[in-house]
Amino acid sequence: MEEKLIDEKKQGELLVLEQKEGNQRKLFIESYGCQMNFSDSEIVASILAEQGYNTTENLEEADLVLVNTCSIRDKAEQTVRKRLEKYNAVKKINPNMKVGVLGCMAERLKSKFLKEEKIVDMVVGPDAYKDLPNLLKEVEEGRNAVNVILSKDETYGDISPVRLGGHGVTAFVSITRGCDNMCTFCVVPFTRGRERSRDPKSILEEVNDLAEKGYKEITLLDQNVDSYLWYGGGLKKDYKNASEIQRATATNFAQLLEMTAEAQPGMRIRFSTSNPQDMTEDVLHSMAKYDNICNYIHLPAQSGSTRILKEMNRQYTREEYFELIDRVREIIPDCAISQDIITGFSTETEEDHRDTLSLMDYVKYDFGFMFMYSERPGTPAARKLDDDVPAEIKKRRLIEIVDLQREHSAYRTQQFVGQTVEVLIEKESHKSEAQWSGRTQHNTVAVFPKEYYKVGDFVMVKIEDCTSATLLGNAVGYSKNNV
Ligand code: 5AD
Ligand code: SF4
């Protein structure tokens, strides 16, 4: 099953950008993991464009190879290790090629990386990308370079990322970095540091700029969007020391969402990820108030068992999760909801597993992203608990969860058959050249014959049929939002 923030189809995707005239050197940059990494790679490419680097698709001709890495599960790290073997083979042909590791794995392993992977010249953590020009100088002079310092205030708000992903229609805008939640299974608080929010002014400038460039949909991006809080800069945890003025002029997530929706009424606004413990009702009211905020929430449950949730330090119970779902349904009756669930977390019993299945039955999620628990070194769970659920049991439980989700997805998708819904065209359908593929506001993929419509159009589509995850229909005209 594919994860929303970790899109399996995108893993290892190359970033190839417009060539800047005069740039002589060649950068090969690929990314793994969550959307945040893909966004960061755009920032890195933008910084390096100023240093004389143009991106290339051809590994063999690269002067510099960068891999933006993920540590969330062991499998993600193994994939990167395999890529390093490939780079090593190429380095034998092109010995001048330099290799840098970026992102969460760089942060987690720090200079150990240089020892473990002899091929690596440079290790750069997620908050140190502005130091890349200095680090590259070190490397050029024949020294290894490491910067894994996590920052209190780095948000890259002042760097405008160069983009080519999203077909010029959809883009991600990151609003916060780091995470303070300390879910016991999660490596993110260690690799991405403490939470700090980006100035709303720079967020709005980026959104307005994207609108000017013709983008039609943006997703405000963070590990934990609801925790967004701007009070003039600084860490979220230091808000308690903020002055009266800072408090009075602070911006929270619901306010940021409304400001964005108002700034660009012709754009669709999405956000991800929401965490149940931090989601507040004012966000639901903002969603209900603005038509251009999509009725869709990615709301990871992780488990349906209160006991396991406690072990995970999730800060909510099964009952509280249900209450939140009930509020969502009351305030936004047609809201699509998706989940992340971890199966086989330490100490999980069959009864806990059944609680997860029954939680899923209660919500009937539109989509889901499900994983077997992968113990991450150094996390609170790894220190305190035994990874005691055998692999075959984790696997069986995962299959049960995935099968149930498939049923629920099919049920949700079926509800759209017969309706006419707005679809934003993103690209050609990968199954047929004659069809467009886009998404509804609920984030469901819809395909339909192209006719005279084009990428970036908002089109009303009458849904005639569906598979478990895709709507099939015919366009009946432009949406009123099409300009
Ligand atoms: N093992 C398995 N899944 C994990 N996730 C986070 N850490 C782990 C882990 N150690 C999942 C969670 C999270 C998603 C991004 O990845 O479900 O919401
Ligand atoms: Fe990890 Fe929990 Fe933060 Fe998500 S909210 S990034 S799972 S610590």
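Predicted model: local features only at pLDDT ≥ 70, side-chain atom pairs only at ≥ 80, totals over all residues.
## Around ligand 2

Start with ligand 2. Ligand 2 sits in the largest cavity. Its shell contains Cys179, Asn181, Met182, Cys183, Phe185, Cys186, Val188, Pro189, Gln223, Asn275 and Arg314. By residue type, that shell splits into 7 nonpolar, 3 polar and 1 charged.

Asn313 touches Asn181, Met182, Cys183 and Thr184, leaving out residues up to four places away in sequence. Of these, Asn181, Met182 and Cys183 are also among the residues around ligand 2. Asn313 lies in the loop between helix H11 (306-311) and helix H12 (318-331). The backbone there has a feature to look for: Asn313 is not a glycine, yet its phi is positive, at about 60°. Is Asn313 buried, exposed or partly exposed? Asn313 has a relative accessible area of 26%, so it counts as partly exposed.

## Helix H7

Helix H7 covers residues 200-212. How far apart should its ends be? The helix has 13 residues, and at 1.5 Å a residue it should span 18 Å. The expected span counts one less than the number of residues, because that is how it is defined. In the model, the end C-alpha atoms are 18 Å apart, which agrees.

Which residues of H7 are buried? They are Pro200, Ser202, Ile203, Leu204, Glu206, Val207 and Leu210.

Asn68 is found in strand S4 (residues 64-69). Its relative accessible area is 0%, so Asn68 is buried. What does Asn68 touch, not counting residues up to four places away in sequence? Its contacts are Glu30, Ser31, Tyr32, Asn37, Asp40, Ser41, Leu102, Gly103 and Tyr129.

Phe367 belongs to strand S17 (residues 367-372). Phe367 is also buried, with a relative accessible area of 18%. The cut-off matters here: a residue is buried under 20%. Setting aside neighbours within four places in sequence, Phe367 is in contact with Tyr296, Ile337, Ser338, Gln339, Gln405, Ser409, His442, Asn443 and Thr444. Phe367 and Val389 are 22 residues apart along the chain, and their C-alpha atoms are separated by 26 Å.

## Backbone features in loops

Tyr156 sits in the loop between strand S7 (145-147) and S8. Tyr156 is a residue other than glycine, and its phi is positive, near 55°. Is Tyr156 buried or exposed? Its relative accessibility is 1%, so Tyr156 counts as buried.

Another loop holds a cis peptide bond. The bond runs from Ser272 to Thr273, with omega near 5°. Thr273 is in the loop between strand S14 (268-272) and helix H10 (281-289).

## Two lysines

Lys20 lies in the loop between strand S1 (13-14) and strand S2 (25-31). Lys20 has 35% relative accessibility, so it counts as partly exposed. Apart from neighbours within four places in sequence, Lys20 is in contact with Ala49, Glu50 and Asn54.

Lys480 is found in the segment after strand S22 (470-478). Lys480 is exposed, with a relative accessible area of 73%.

How do distances in sequence and in space line up?

| Pair | Apart in sequence | C-alpha to C-alpha |
|---|---|---|
| Lys20 and Tyr53 | 33 residues | 8.2 Å |
| Lys480 and Met460 | 20 residues | 8.8 Å |

## Recap

Ligand 2 sits in the largest cavity. Asn68 is buried at 0%, whereas Lys480 is exposed at 73%.

Technical notes: Residues numbered from 1 in each chain as written. Chains lettered and ligands numbered in written order. Heavy atoms only, no water. Near = heavy atom within 4 Å. 1 Å grid on protein atoms, 1.4 Å probe; cavity = no way out; pocket = protein on both sides within 12 Å on 5 of 7 lines; lining within 4 Å. Sits in = over half its atoms within 2 Å of the grid points. Nonpolar A, V, L, I, M, F, W, Y, C, P; charged D, E, K, R; others polar. Helix = DSSP H or I, 4+ residues; strand = E, 2+ residues; numbered from the N terminus. Buried < 20%, exposed > 50% of the residue type's maximum accessible area, 1.4 Å probe, protein only. Contact = heavy atoms within 4.5 Å.
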